[in-house]
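This report goes through one protein model, heading by heading. Please keep the sequence and the 3D view open while reading.

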Amino acid sequence: RYEAQDTPAARTASPAPAAASRPPQFKTGGMKLGSKKTRQAELLDALGGEVLAVEEMSSPPTPVPVEPPTLAQKDARGSLPVVASESVHVVIKETISVHLMREGGVKSMELKGDMNLQVSDPANAHIKLALAPFTSGFGSDLQFKQHPNVAKFIPGQEKIVVLKDPSRAFPVGQALAVLKWRYAGQDESYIPISINCWPSPSNDGTCEVNIEYELENENITLYDVTISIPLPPGSYPTVSNESVWSLNPSTHSLDWTIPQISPEERSGTLEFTVGGDDVGAFFPVKVSFVAQGSLAGIGITSVTRANGGEEVVFSCDAVVSTDDYLVL
């Protein structure tokens, strides 16, 4: 059973790997696609969906230099900054699933989080963790659940993670999940990033698509963001503004990639033209990212010894990932 909380508290294109399993990326200026096929489209058809990277279609195609994927790209953390671990290390992990409606509003949203504590020095095993005051708007909508050996939060007081039995110590050399939290609902103000996809059919059998994003939660910085927009069968896009994108042949979608979205650079737009006039063909839009921070605003202000006020040096790594983030 969950216990309800009482009080609220320079853009560059990534080079394309040589492997055929990952499509090359494009950084495009602008060209106009009419209802007839261009040389690009004919070439794409001949290649069965495989594409050549180009800078501008008004000049001969220029291949993008290929570099091997870095370790960070292979790692599930992606491009998230590495956090050096102290003898007391706290890991906060959150996973979010959201189904947004294309007209606006939230069909469903679920946030799950947990806090893991790992102590590597037995001298620092008798400790207590003070949670930071919540900076998110989740308020009392967050439900908490503590490990059976961890004391419950006292209503109206600072939220402390400490063992019920003061004579006991946290385990050394292994991670222990000390706290979990969850939110489920339809409050649009809680979403981390908003997506507005706006297809506009033209009279020549093509469609102009405008898509924009905006960061809505300032507790986090997003990395390795991919916004995937499905395309009509047999059609290929012409992107009219400078953006980093690729054509995904397995899903026939335009994958727009943004290395980082932060409170300082929180929004962006992409415009393209493509054959077809069925606006429903551009949905669902899929979003994926990893983020640094906590959507729920969970953090640690201090770690002190349980039997005194002496502070203990600690490190904290807070990560958010997507499970199923769609615009329907």
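Is E311 buried or exposed? E311 is exposed, with a relative accessible area of 60%; buried stands for under 20% relative accessible area, exposed for over 50%, and partly exposed for the range in between, with a 1.4 Å probe and protein chains only.

## About the model

The model is predicted: local features need pLDDT of at least 70, side-chain atom pairs count only at pLDDT 80 or more, and totals for chains, interfaces and linings use all residues. Residues are numbered from 1 along each chain as its sequence is written, and side-chain values use heavy atoms, with hydrogens and water left out.

The average pLDDT of the chain is 82, and 76% of the residues score at least 70; pLDDT is the predictor's confidence in each residue, from 0 to 100. Over residues 29–74 the pLDDT is below 50, and this stretch has 68 contacts in the model beyond near neighbours in sequence. A contact means heavy atoms within 4.5 Å. Residues 1–22 also stay under 50 in pLDDT, with 48 contacts beyond four places in sequence. Where pLDDT is low, the predicted coordinates should not be read in detail.

## The surroundings of E311

E311 is placed in the loop between β17 and β18. Strands here are DSSP runs of E with at least two residues, while helices are runs of H or I with at least four, and the numbering starts from the N terminus. With neighbours within four places in sequence left aside, E311 is in contact with S302, V303 and T304. E311 and K128 are 183 residues apart in sequence, but their C-alpha atoms are 9.7 Å apart in space.

## A sheet of three strands

Three strands form an open sheet in the order β7-β5-β17, with antiparallel pairing. Two strands pair if DSSP finds at least two bridges between them. β7 (160–161) and β17 (300–305) are at the edges with a single partner strand each, so one side of each has no neighbour in the sheet.

Five bridges connect strand β5 (residues 127–131) with β17. In this pairing, A130 stands opposite S302 in β17.

## A sheet of four strands

Another open sheet has four strands in the order β9-β10-β15-β12, and its pairing is antiparallel. Its edge strands, β9 (193–201) and β12, each pair on one side only.

Strand β10 (residues 206–215) and strand β15 (residues 267–275) run antiparallel and are joined by nine bridges. Among the facing residues, I211 has L270 as its bridge partner in β15, and V209 stands opposite F272. Strand β12 (residues 238–239) is joined to β15 by two bridges. There, V239 stands opposite F272 in β15. In a regular strand the side chains alternate between the two faces of the sheet.

## Strand β16 and its partners

Strand β16 (residues 285–293) runs antiparallel to strand β11 (residues 220–230), with seven bridges between them. β16 also pairs with strand β18 (residues 315–327), in the antiparallel sense, over six bridges. V290 takes part in both pairings: Y223 stands opposite V290, and S321 in β18 is a bridge partner of V290.

## Rings and a charge

How many aromatic pairs does the structure hold? It holds five. Rings of Phe, Tyr and Trp (its six-membered ring) pair if their centres lie within 6.5 Å; planes under 30 degrees apart count as stacked, over 60 as edge-to-face and the rest as tilted. F289 lies in strand β16 and Y325 in strand β18, so the pair ties together parts 36 residues apart in sequence. Both residues, F289 and Y325, are buried.

The charged end of R102 sits over the ring of F283, 4.0 Å from its centre. A charge sits over a ring if NZ of Lys or CZ of Arg is within 6 Å of the ring centre and within 35 degrees of the ring normal.

## Cysteines

The structure holds zero disulfides, a disulfide being a pair of cysteine sulfur atoms within 2.5 Å. For C197, the closest cysteine sulfur is in C207, 8.9 Å away, which is too far for a bond. C197 is buried, with a relative accessible area of 7%, whereas C316 is partly exposed at 28%.
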